[in-house]
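Thank you all for coming; I would like to walk through one structure slowly this morning, and I hope you will keep the picture in view while I talk.

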Amino acid sequence: MSEPLLVLDNVTKNYGAIEALKGISFSIGKGEVVALLGDNGAGKSTLVKIIAGGLEPTSGRMLFEGKEFLARSPAEAKAAGIETVYQDLSLCTNVDVVANFFMGREITRKVLGIPVLDERAMEAVVGKALASAGTRIPSLRTNVEHLSGGQRQAIELNRFVHWGGKLVLLDEPFAALGVEQTRRGLDMIRQVASQGIGVVIITHIMQQAFQVAGRIVVIRQGVVAGDVARNKTSPDAVINMITGETLAGAGPAG
Amino acid sequence: MNPRTRNALEFVLDNLVWFMLLLVLVVFSLFIPNYFQLGIFANIIEASSVLGVMSIGLALVIIAGHMDLSVESVAALSAMAVGILFCSSGIGLGVQLHPEWLMVPVSLLLALAVGGLIGAFNGYLVVKVKMSAFIITLASYIWVRGLVLVISGGRSAQDLAPAIRWFGIQRLMGLPLTAWIAVACFVVFSLIMAKTPFGRHLVMIGGNETATFRAGIRVNRNLIIAFVLAGAIAGLAGWLLAIRTSGATANLGVGLLFNAFAAVVIGGVSLKGGVGTLPGVYAGVLLLSAINTAINLMGLPANFTQVIHGLLVLAAVLLDAFKQTIRQRLA
């Protein structure tokens, strides 16, 4: 493994008396793709929200690029270079493709000292980004509410590829995609990782995890139940880790 | 459907309320004697200035996905504050400043500050304490109006200082300056909503607040600014109202809130948030004003106005649903 990009050290999260995360420790290297697996309710999405600044951990600490790190808001995480694609899409369907692509990061030019949206520049950037990813959308000025589920997800995926950053978190990114679009999505992940960006992908589909990830981390009941290199395990072994039937072949835990 | 008819249809749908306004003006001009004259049209714009300004603030907050029921009472309080300080009879204190024109910025700032403060109070409770905007601003609607009654003792202030009154008397191209102020407000805030990141963010917050928060937009800050703006704009409406009536009474502006709501909805703003533009709202305001003028000219009892406004709001909501189905076919 290359030098660690993000290190989680005994991160916990309680909702009242319920312990969603009981102490999660693992790390992600630069350019590494880690698949985060686990049953429903295992705490995967909670973990992603903690890294992405949507939730604060109850205890534990995180190191990002070797420095103590805690994002109090998604804006802070983004500023540090962490991009997130959420399970339920984060698009504003009442505005067009361009506005969604640049959400919160609009290109502006100053007119009499007032920032004014530079629509033409933004449209050019989006057009180029979508074209290079092979995504076809009839008009970039269409409101997202008129687009299909696949087109919406494609916008989000292209958005994270474009903004890049240092670490990308993907929570079930291919839920609404067809076979061909999923293949392209997996290619996008490899391409992003080859640029030295760390990728954490949450998925339910074992096949996807084995196709793209270098390492597989399994979370079960709020703890890391397995952390193994892909080539040292098998889908069956991973399923056993997820369901907790056996820890045999699970490798070093936590 | 070829792209050109499609674009044309989209254009009509986007600007439907303007076409309705045009249609109404043409029909009234044809069938109501004396309707078609510049003076009448000028009057329509003039009569809609207070309502128009108030509707801008209300529309901002609704587009951002919230609600501000307090704008009417806030306008009344601002008007009363200006009235008490700068009126010379009734409960007016008749404060004089030298030079006289100084009373203009002072009274304007006072009105804006009163409105902005109440807006900030509403915004803080809604955003930070996470209470329902409907309840918070309903409470403000009541207590602010109560405050107007308390500070005025139910009496009125008359004879506003001539330096301030000047804005209601001085005309430019047939319209008093107060009407121009309303038009300027629409232009400025339309540009802010359509062309600046702040406006874009408000629209997106109204569309999907979670998504904008995740995208790193400072949702709370933007929403509080929207409430402060709505309050300050209502304060400006109050200032205009004080000029228009040359003073302030305790029941000044009662009922304006519902007209403002009607204008906003007719103008194509969705109460669900995220949908609507300010030019549309202005068309809605003008439409209401055009109908009021027609009722006056025809000599119908003024009581009919309310019935017609109510039906108009109903028509606007139905029309909105109809527009949605057409758009879905288009997509």
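This is a predicted model: local features need pLDDT of at least 70, side-chain atom pairs count only at pLDDT 80 or more; totals for chains, interfaces and linings use all residues.

I will begin with a pair of helices in chain B, where Leu288(B), Ile291(B), Asn292(B) and Ile295(B) of H14(B) meet Phe304(B), Thr305(B), Ile308(B) and His309(B) of H15(B). Sorted by class, the residues of this contact of H14(B) with H15(B) are five nonpolar, three polar and no charged.

Two packed helices are described by the angle between their axes and the distance between the axes. For helix H14, residues 278-298 of chain B, and H15(B), the axes come within 10 Å and cross at roughly 145°, and the crossing in which H14(B) passes H15(B) is right-handed.

H15(B), which covers residues 304-330, also packs with helix H1, residues 3-14 of chain B, and here the angle is about 160° with the axes 11 Å apart. That angle makes H1(B) roughly antiparallel to H15(B). The crossing of H1(B) and H15(B) is left-handed, and the contact is made by Arg6(B), Leu9(B), Glu10(B) and Leu13(B) from H1(B), together with Lys323(B), Ile326(B), Arg327(B) and Leu330(B) from H15(B). The residues of the contact of H1(B) with H15(B) divide into four nonpolar, no polar and four charged.

Let me turn to another pair of helices in chain B. The axes of helix H4, residues 49-63, and helix H12, residues 219-245, come within 8 Å and cross at roughly 175°, and that makes H4(B) roughly antiparallel to H12(B). Among the residues that meet here are Val50(B), Val53(B) and Ile56(B) from H4(B), and Phe227(B), Ala230(B) and Ile233(B) from H12(B). The residues of the contact of H4(B) with H12(B) divide into 17 nonpolar, two polar and one charged.

I would like to stay for a moment with one residue of helix H12 in chain B, namely Ala232(B). Is Ala232(B) buried or exposed? A residue counts as buried when 20 or more other C-beta atoms lie within 10 Å of its own, and because Ala232(B) has 23 other C-beta atoms within 10 Å, it is buried. Leaving aside residues up to four places away in sequence, Ala232(B) touches Leu112(B), Gly115(B), Gly116(B) and Gly119(B). The C-alpha atoms of Ala232(B) and Gly57(B) are separated by 8.1 Å, although these two residues are 175 residues apart along the chain.

Another helix of chain B, H10, residues 197-207, is mostly covered, with nine of its eleven residues buried. The buried residues of H10(B) include His201(B), Leu202(B) and Met204(B). What do the buried residues of H10(B) pack against? In chain A they pack against helix H3 (97-101) and S8, and in chain B against H4, helix H9 (177-195), helix H11 (209-214) and H12.

This brings us to the contact between the chains, in which 22 residues of chain A are in contact with 20 residues of chain B. Helix H2 (74-80) and strand S8 (114-117) of chain A each supply at least two residues of the side of chain A that touches chain B, and S8(A) gives the most to that side, with four residues. By class, the side of chain A that touches chain B has twelve nonpolar, eight polar and two charged residues.

Strand S2, residues 157-160, pairs with S5(B) over two bridges, and Ala157(B) has Ala248(B) as its bridge partner in S5(B).

In chain A, strand S11, residues 215-220, is mostly covered, with five of its six residues buried. Four bridges join S11(A) to strand S3, residues 33-37, and these two strands run parallel, whereas six bridges join S11(A) to strand S12, residues 223-229, in an antiparallel run. Val218(A) is the bridge partner of Leu37(A), and Val218(A) also stands opposite Gly226(A) in S12(A). Finally, S11(A) and S12(A) form a hairpin with two residues between them, and in the turn Gln221(A) has a positive phi of about 50°.

Key
Residues are numbered from 1 along each chain as its sequence is written. Chains are lettered from A and ligands numbered from 1 in the order in which they are written. Two residues are in contact if their C-beta atoms, placed from the backbone, lie within 7 Å. Ala, Val, Leu, Ile, Met, Phe, Trp, Tyr, Cys and Pro count as nonpolar, Asp, Glu, Lys and Arg as charged, and the others, Gly among them, as polar. Axes are lines fitted to C-alpha atoms, for helices over the stretch in contact, and angles run from 0 to 180 degrees between N-to-C directions. Angles under 35 degrees count as roughly parallel, over 145 as roughly antiparallel, 65 to 115 as roughly perpendicular and the rest as oblique. Two strands pair if DSSP finds at least two bridges between them. A crossing is left-handed if the near helix is turned anticlockwise from the far one by less than a right angle, and right-handed if clockwise. A residue is buried if 20 or more other C-beta atoms lie within 10 Å of its own, exposed if 12 or fewer, and partly exposed in between; C-beta atoms are placed from the backbone.
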